[in-house]
Amino acid sequence: MMTESIGMIKEKFQAAAIEELPALFQQYGRDERAGVQAAVEKGRKRIAAYEREIARCEELKRYEREYSAYAYICGIDEVGRGPLAGPVVAGAVILPKDCDILYINDSKKLSEKKREELYDIIMERAVAVGLGYSTPERIDEINILQATYEAMREAVSKLEQVPDLLLNDAVTIPQVDIRQIPIIKGDAKSISIGAASIIAKVTRDRLMVQYDEVYPEYGFASNKGYGAQAHIDTLRQYGPCPIHRRSFITHFI
């Protein structure tokens, strides 16, 4: 019987789903070739990393477990308080009680590719998702904090399912009758808030890419409206465009 090549075996390990790896360990664990043993070891590390991720996500559910008496728990977060241009966007997400989505985290800690992947999964599996926006004009009119509160209230109002409890990233939202639990750095501590941060971040980033097509000189597709030096230099050269926050750029023009 012809022995499988090391390359073929490596391809099997690379293509295997996590649940398929134990069978491959049993099949190739006694193959003494260094390349095969390296593939086996890499597979074992994949499983260990997967188990660590499951444990991390279970820890992320501690607030959801603590308040499990509430039927619909909604995580809320915002993106875009700091940029010089573009809206602030708030996300509100109600996840199912048995949520098993892995890799949710503070959106800033995730790659763009991972955020996009998780956005699709969250949108598919969530009980409800709401989005709220506050324009640059509104931010200038009432200040960024009040504009953020408005966006958060709008996000909650857009949910198809009315939540019983809000888990908020750090803030307590005025003029909301639903019970609220503010959690410092909540987007890294609550799976619901983390999901909301991903939805808000991906939504705002996509908007800024669209704005880049309208105002290409400012580099919005790459800087997302934040104060990168190239953005500031262009702002000084050309002046503000309609989506710049006038109250944020007084130091530059």
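Predicted model: local features only at pLDDT ≥ 70, side-chain atom pairs only at ≥ 80, totals over all residues.
Student: Why is the count of disulfides zero?

Tutor: A disulfide requires a pair of cysteine sulfur atoms within 2.5 Å. The closest cysteine sulfur to that of Cys57 belongs to Cys99 and is 8.1 Å away, which is too far for a bond. By this rule, the count of disulfides is zero.

Student: What makes Cys57 and Cys241 buried or exposed?

Tutor: The term buried applies under 20% relative accessible area. Cys57 has 2% relative accessibility, so Cys57 counts as buried. Cys241 has a relative accessible area of 4%, and therefore Cys241 is buried.

Student: Why is helix α2 called roughly antiparallel to helix α3?

Tutor: The axes of α2 (residues 21–28) and α3 (residues 34–60) come within 10 Å and cross at roughly 155°. Angles over 145 degrees count as roughly antiparallel, so α2 is described as roughly antiparallel to α3. The crossing of these two helices, α2 and α3, is left-handed.

Student: Which residues meet where α2 and α3 are in contact?

Tutor: From α2, the residues are Leu21, Pro22, Phe25 and Tyr28; they meet Val36, Gln37, Val40, Gly43, Arg44, Arg46 and Ile47 of α3. Sorted by class, this contact of α2 with α3 comprises seven nonpolar, two polar and two charged residues. Gly is placed among the polar residues and Tyr among the nonpolar ones under the classification used.

Student: How do you know that Glu154 is partly exposed?

Tutor: Partly exposed covers the range between the buried limit, under 20%, and the exposed limit, over 50%. Glu154 has 25% relative accessibility and therefore counts as partly exposed. Glu154 is located in helix α7 (residues 144–157). Apart from neighbours within four places in sequence, Glu154 is in contact with Leu131, Gly132 and Tyr133. Between Glu154 and Val176, 22 residues apart in sequence, the C-alpha to C-alpha distance is 11 Å.

Student: Is Ala200 buried or exposed, and what makes it so?

Tutor: Ala200 has 0% relative accessibility, and since buried means under 20%, Ala200 counts as buried. Ala200 belongs to helix α8 (residues 191–214).

Student: Which residues does Ala200 touch, not counting those up to four places away in sequence?

Tutor: Ala200 touches Asp77, Val79, Val89, Ala90 and Gly91. Contact here means heavy atoms within 4.5 Å. As for Pro136, which is 64 residues from Ala200 along the chain, the C-alpha atoms of the two are separated by 16 Å.

Technical notes
Residues numbered from 1 in each chain as written. Heavy atoms only, no water. Buried < 20%, exposed > 50% of the residue type's maximum accessible area, 1.4 Å probe, protein only. Axes fitted to C-alpha atoms, helices over the stretch in contact; angles between N-to-C directions. Helix = DSSP H or I, 4+ residues; strand = E, 2+ residues; numbered from the N terminus. Parallel < 35°, antiparallel > 145°, perpendicular 65-115°, else oblique. Left-handed = near helix turned anticlockwise from the far one by under 90°.
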